[in-house]
Amino acid sequence: MRGAVLVAIAAAIGNLLQGWDNATIAGAVLYIKREFDLQSQPKIEGLIVAMSLIGATVITTFSGPVSDWLGRRPMLIASSILYFLSGLVMLWAPNVEILLLARLLDGFGIGLAVTLVPVYISETAPPEIRGLLNTLPQFTGSVGMFLSYCMVFGMSLMDSPSWRLMLGVLSAPSIVYFVLAVLFLPESPRWLVSKGKMKEAKKVLQMLRGTEDVSGELALLVEGLGIGGETSIEEYIISQDNNDSQDHAVVDKDQIKLYGAEEGQSWIAKPVTGQQSTLGMVSRYGSMAAAASQSMIPTMDPMVTLFGSVHEKVPEMGSMLFSNFGSMLINTKTDGDDEEGQGWDEENPHHKDIIGEDGDGSEGSGREDELEENLRSPLLSRQDTNGEQVGGGVGIGGGWQLAYRKDEKSSGGLKRIFLHQEGGGIGGMVGAGSRRGSVLSLGGGEGEPVHAAALVSRSVLHLDRVSGHGSIGEAIDKQVEGSGGGGGGAAKGGAGWRDLFEPGVKHALVVGVGLQILQQFSGINGVLYYTPQILEQAGVSVLLSNLGLGSESASLLISGLTTLLMLPSIGVAMRLMDIAGRRWLLLSTLPVLLTTLILLVLGNVIHLGTVTHAVISTGSVIVYFCTFVMGFGPVPNILCAEIFPTRVRGICIAICALTFWIGDIIVTYSLPVLLNSIGLGGVFGIYAAVCTVAWFFVYLKVPETKGMPLEVITEFFAVGAKQSLAAENN
């Protein structure tokens, strides 16, 4: 995973430059107003700040489809070039018109980086740490803001501060970004698969994952091109396949032979009737907890409860820190197989300590520990003759496993199956002696059955391309050849607008666009761009009068200190993003945002004295920023990069980003006018109302996606959207 981490850090430099620009213009505009006499022209002042947002909006209109055509990497390189050119023009800018042109170029670079960096990281990161890595853009953006505020503050102490130099310095770090993008960043493996470039995709995956065997994930990426078809939720009792035959039919009538994507994997599955898995029950009735509240909250989206069924048994957060999910299904190893799957201990190093020869948990472990291991351990685990754990595949992440079976209704067709272990749902079926009924030891070559829920859909692969046991990798290569290099043809010709009206895609767009609108109208960018002026108006110079600083330098200093305090807050968010989850962070931080905004309103409505007013305003702004970057800052972009299918991801991201930038323009351009008309109290009152609406939107509409492979997430949206339509029709 080291490769994925380094690549994410390099890509996030684009957001560092965005943060640098945001803070620089916030400080430089104080001096731009003075040189061009804009004190009485707030609209021109707002246009100078908003021009980069206009540029970002324009470029975003094309960035998604163009990135689907040319790739993610070329667009990131173009972003670094635009940053560099805009810095040079701002360094020269002799008048307002040239400055506006430079800000437009700057916006082009910002738009490409902000739109595509989260997509790029999501498509290259493993599911277990995808949230952490996708929080890096927020972190690097804040680092850029802090460094920029330090620079602007230092320049403000000069006799004649130069706003041109403040803005022109952007060209220097953009050179670093260009070098990293050209020499270090690989192309997204999902984009490569969508174009049929399987060999290149395999090499990139091997570099990102640090392992040679990436057949399982490569198969997942190919299957991701076909997400959105008819999907059913089924249940299986799964046991190891002790039959060496390669024939699909050599099983009992009531059993199905499943094949894994990794070479040599196969299992025997018995369909379950008459008993609902947790996932199956939720698909009909919602999660156990939410189902009871449906009558009281009729607007609760069934999608939320469907996703929640996967996460509702996750134990306390502390035990999940930095853990990696292993494979869910791995076949049994015999004496002759001493070379296969040496990566098991790296993926799940604690498994030996928990699973004993009799299948029970380690001594003294409670029910929560058992449920935790149900979610993280392999569904079937390999053992040698001494009962010790040995190598195996790594699944597709997050406790999910990709498997295949013959499609009896289609000649030469295959069914693709996403399997997820049921936590304790089989308890009574495997006998009273089993305390857990989930992760069971397979000592002596005979394994206990395991209960699993399955998302079953038609595969893009075909049976006539599977020549024998464990040849899914060969089938992928043949699929590419048979489709003319199109990876199944799902994305080769590009996505059409018709695809956006598929129920799952449409549902995801409602979530993504809704979050982007609410994020912008919660006021973050308006407050961010004008923090120095807001603090100056609040009287922060009083707090720093003993330092001999002017009001402008004092406000810049506090702005820099605020961004410094944001960094540990983002660090906490990075740690929690894949543990507590995206939804939890939003629901927990929005009330804090609301409280700080209410305090800002009260501080500006009630006359509390100069010092008290300055303390309340400064403290509230700091808490607002620190809380925002933990939840409402990174999560909308993370979710938007996760919830759309590969074939339409570029277009959907462009729509969400376009919403983001239009909202940003409205908020930023209107803030100077609002400050002059209704004052700080009125502005923060509007933002507080939006935060209230946002909390209810998240609670009712936004699902939890932590730890789930992108292809499984989009499959859930497809299934959940159809369930929602069925519920509405009934």
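A residue is called buried when its relative accessible area is under 20%, exposed when over 50%, and partly exposed in between, using a 1.4 Å probe and protein chains only. By that rule, buried residues make up 61% of the 730 residues in this chain.

The model is predicted: local features need pLDDT of at least 70, side-chain atom pairs count only at pLDDT 80 or more, and totals for chains, interfaces and linings use all residues. Residues are numbered from 1 along each chain as its sequence is written, and side-chain values use heavy atoms, with hydrogens and water left out.

## Overall build

The chain has 29 helices and six strands. Both are DSSP runs numbered from the N terminus: helices are H or I with at least four residues, strands are E with at least two. A contact means heavy atoms within 4.5 Å. Take the contacts in the chain with a separation of 6 or more: 81% of them join residues 24 or more positions apart.

| Pair | Separation in sequence | C-alpha to C-alpha distance |
|---|---|---|
| Methionine 303 and valine 719 | 416 residues | 8.5 Å |
| Arginine 2 and arginine 209 | 207 residues | 7.2 Å |
| Alanine 56 and glycine 111 | 55 residues | 3.9 Å |

Methionine 303 lies in helix 15. Its relative accessible area is 0%, so it is buried. Leaving aside neighbours within four places in sequence, methionine 303 is in contact with His507, Pro703, Phe716, Phe717, Gly720, Ala721 and Ser724.

Alanine 56 sits in helix 3 (residues 42-70). Alanine 56 is also buried, at 0%.

Arginine 2, in helix 1, is a contrast. Its relative accessibility is 68%, so it counts as exposed.

## Aromatic rings

How many aromatic pairs does a search of the whole structure find? It finds 11. Rings of Phe, Tyr and Trp (its six-membered ring) pair if their centres lie within 6.5 Å; planes under 30 degrees apart count as stacked, over 60 as edge-to-face and the rest as tilted.

Phenylalanine 307 is buried at 0%, and phenylalanine 716 is buried at 1%.

Another pair is tyrosine 624 with phenylalanine 628. Their ring centres are 6.1 Å apart and their planes are at 25 degrees, so this pair is stacked. Both residues lie in helix 25 (residues 610-628), four residues apart, about one turn of the helix. Tyrosine 624 is buried at 2%, and phenylalanine 628 is buried at 4%.

Phe307, Trp400, Phe716 and Phe717 form one aromatic cluster. Elsewhere, a charge meets a ring. The charged end of arginine 416 sits over the ring of phenylalanine 418, 4.3 Å from its centre. For this, NZ of Lys or CZ of Arg must be within 6 Å of the ring centre and within 35 degrees of the ring normal.

## Nonpolar cores

In soluble globular proteins, nonpolar side chains tend to be buried together. A nonpolar core is a set of buried Ala, Val, Leu, Ile, Met, Phe, Trp, Tyr and Cys residues joined through side-chain atoms within 4.5 Å. The largest core here has 164 residues, and those touching the most other members are Ile32, Trp163, Trp400, Leu515, Phe632, Phe644 and Phe716. Helix 5 (residues 96-124) gives the largest share, 15 residues. Another core, of 12 residues, lies apart from it and includes Tyr236, Leu258, Trp267 and Ile417.

## Helix 9

Which residues of helix 9 are buried? They are Ser171, Pro173, Ser174, Tyr177 and Ala181. These cover an arc of only 155 degrees around the axis, which puts them on the same side of helix 9. The arc is that of the directions from the helix axis to the C-beta atoms. Their cover includes helix 1 (2-11), helix 2 (13-36), helix 4 (72-92), helix 5 and helix 8 (163-168).
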